[in-house]
Amino acid sequence: MNSVLRGVRAFVMFWVDFVIGDDWTVAATVALALLGTWGLTRAGVIAWWLLPLAVLAITTVSLRRSVERELRHDQPG
Amino acid sequence: MNPTVLLAAFFATAIEVIEMVAIVVGVGVARSWRASLVGASAGLVVLVALVAGLGTAVRDVPLTPVRLLVGALLLVFGLQWLRKGVLRVARDGWGVGHSAPDVDSADSGERGFDWTGFVLSFKGVSLEGLEVAVIVVAFGAAAGAVGSAVVGAAAAVLVLGALGGLTYRLVARIPRRALQLFVGAMLTTFGTFWAGEGLGVAWPGDQWALLALGAVYVVAALGLLRWVRHWRRDTKHRTAQQRATSNPSPSGMHQ
């Protein structure tokens, strides 16, 4: 039973790591952008630009946050 | 044999096969060849089973939700790699990781079988393979020449697969850090394109939008690389200034 639970846990953790990784805001932004693209497309609005724009914006924000976090960790004390 | 159907199937499937080969080679070089090839083989097995089971009804398989699922997963994973690649190249430079074991084994699956590499290749091959199957059935059934369409598609797989096999040594010469950045950009490109298609987006230029998206992401990654270096210098400078202001050291005593 324990090995089954361990297997299920490992499977869930694999997908969590695959999708979310080290910054959950990236996955959340992508999900919102997908939802927005779907909504705009259903409304008949040209929406191909939304996904690439969201990708570029969240990558920039996430990198900026990573740099600040990394340098905070590097500081002694 | 119908040469028109054969050629049409060859060229129509070539684009899908290029995408398939790019993912398998990229994942193989950047992560693990074993996982990438096992993933690709598993994708082919699922595909063959699907085609054998459904026959010409494979045309009715709903590709839209498959594209959305595979695209969204590739997009979020590709973005992780793109960010890591930018951060690491900005910190260590382009050359680190060249012809050396990967510095970060968590990204390469060195601690056993690389399931992430397996899933990436599996998804790429099964989705693109399914599209190839649909093209073959559509072209072949429309002209009453399924055999010619199958030969055309098989030729595209063989020719482009062989090209991928020949070019992998060149790709393998790219340093790991740079490869992580570029494969991340490639996965993000395919992910954006497929997820968009799955949502019913009409990409300007159709398949050519892949090239435009790839170029935009690579240029953006190179620009972000410069920004990250600048942010690092800037933040370090600010931190040093804050520390000097809060702890003024008697520098004159050392002179």
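Among contacts in chain B between residues at least 6 apart in sequence, what percentage join residues at least 24 apart? The figure is 87%. Keep that in mind as we go through. One caution before the details: this is a predicted model.

Let's start with chain B as a whole. Chain B has 7 helices and 0 strands. Along the sequence, the pattern reads α-α-α-α-α-α-α. The chain has 255 residues, and buried ones make up 44% of them.

Now take one helix of chain B. H3(B) runs over residues 63-92, which is 30 residues. How far apart should its ends be? At 1.5 Å a residue, H3(B) should span 44 Å. What follows the helix? B:Gly93 does, and its phi is positive, near 90°.

Next, a partner for that helix. Two packed helices are described by the angle between their axes and the distance between the axes. Here the pair is H3(B) and H6(B), the latter covering residues 176-198. Their axes come within 6 Å and cross at roughly 155°. An angle over 145 degrees counts as roughly antiparallel. H3(B) and H6(B) are therefore roughly antiparallel to each other. The crossing of the two is left-handed. And the residues in this contact? They divide into 21 nonpolar, 10 polar and 6 charged.

On to the interface. From chain A, 27 residues are in contact with 34 residues of chain B. Which helices of chain A each supply at least two residues of that side? They are H1 (2-19), H2 (24-42) and H3 (50-74). H3(A) gives the largest share, 13 residues. By class, the side of chain A that touches chain B has 17 nonpolar residues, 8 polar and 2 charged.

A:Asp22 sits in the loop between H1 and H2 of chain A. Is A:Asp22 buried or exposed? A:Asp22 has 12 other C-beta atoms within 10 Å. The limit for exposed is 12 or fewer. So A:Asp22 is exposed. Now look from A:Asp22 to A:Ser66. In sequence, these two are 44 residues apart. In space, they are 9.8 Å apart, C-alpha to C-alpha.

Definitions and conventions: Residues numbered from 1 in each chain as written. Chains lettered and ligands numbered in written order. Predicted model: local features only at pLDDT ≥ 70, side-chain atom pairs only at ≥ 80, totals over all residues. Contact = placed C-beta atoms within 7 Å. Helix = DSSP H or I, 4+ residues; strand = E, 2+ residues; numbered from the N terminus. Nonpolar A, V, L, I, M, F, W, Y, C, P; charged D, E, K, R; others polar. Expected span 1.5 Å × (residues − 1). Axes fitted to C-alpha atoms, helices over the stretch in contact; angles between N-to-C directions. Parallel < 35°, antiparallel > 145°, perpendicular 65-115°, else oblique. Left-handed = near helix turned anticlockwise from the far one by under 90°. Buried ≥ 20, exposed ≤ 12 C-beta atoms within 10 Å, placed from the backbone.
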